[in-house]
Amino acid sequence: MSQETTPTPGGTGGTGRSVGPLDEVDRRILDELVRDGRLSIRTLAERVHVSRTNAYARVERLLRDGVITGFTARVAPEPAGLATSAYISLTIQQNTWREVSAELARVRYIEHAALLSGEHDVLALVRAPDNATLRDVVLGRVQNIAGVLSTRTWLVFEEFDGEQNTWM
């Protein structure tokens, strides 16, 4: 099989070309940027023990290859006014997943949604100001999307992060 058609670890990065596996320096850069995406290139270079030029070139390559998809702020839901969190599973008509996905992406308060295999077809994370708003999201908006057959809701009592450096 040719090298062009053999997938490599790390995927394609959305560019249509193979991306090589990450080396130890790339992994350390990712680890530092996940901890603090606002690091200067100078500080990043010092922490991973490479030159600024090398650090800059690597970050640019990781961005170009789609390994790094952006830099964002992490917002704590409760202090931001989103005191109620829940996971909603959806069972949908199998031939409507594209339309349902597009509609879910437009529903206010849905932070994340994933298409699944198994008992349920979609799992969505909703962060709402209160239970009444959560009810309106589920009963008034999500259940009215064409192709949604049923939903099931689980309230989130507490959240915590696991290990975030899964590439290490």
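The second largest pocket of this predicted model has a volume of about 330 Å³. A pocket here is an open set of points on a 1 Å grid over the protein atoms alone, where a 1.4 Å probe fits, with protein on both sides within 12 Å along at least five of seven lines; the volume is the space filled by probe spheres set on the points, which are joined across faces, edges and corners. Its lining (residues with an atom within 4 Å of a point) runs to 13 residues, with Val 75, Pro 77, Arg 127, Glu 159 and Asp 161 nearest the centre. That lining splits into seven nonpolar, one polar and five charged residues, where Asp, Glu, Lys and Arg count as charged, Ala, Val, Leu, Ile, Met, Phe, Trp, Tyr, Cys and Pro as nonpolar, and the others, Gly among them, as polar.

Now for the nonpolar cores, meaning sets of buried (under 20% relative accessible area, 1.4 Å probe, protein chains only) Ala, Val, Leu, Ile, Met, Phe, Trp, Tyr and Cys residues joined through side-chain atoms within 4.5 Å. In the largest, with 18 residues, Leu 90, Val 100, Leu 104 and Ile 110 touch the most other members. Strand 1 (84-92), helix 4 (97-104), strand 3 (122-128) and helix 5 each give two or more residues to this core; helices (H or I, at least four residues) and strands (E, at least two) are DSSP runs numbered from the N terminus. Apart from it sits another core of 14 residues, including Ala 45 and Val 59.

Residues are numbered from 1 along each chain as its sequence is written. Local features need pLDDT of at least 70 and side-chain atom pairs 80 or more, while totals for chains, interfaces and linings use all residues, and side-chain values use heavy atoms, leaving out hydrogens and water.

Methods. Buried < 20%, exposed > 50% of the residue type's maximum accessible area, 1.4 Å probe, protein only.
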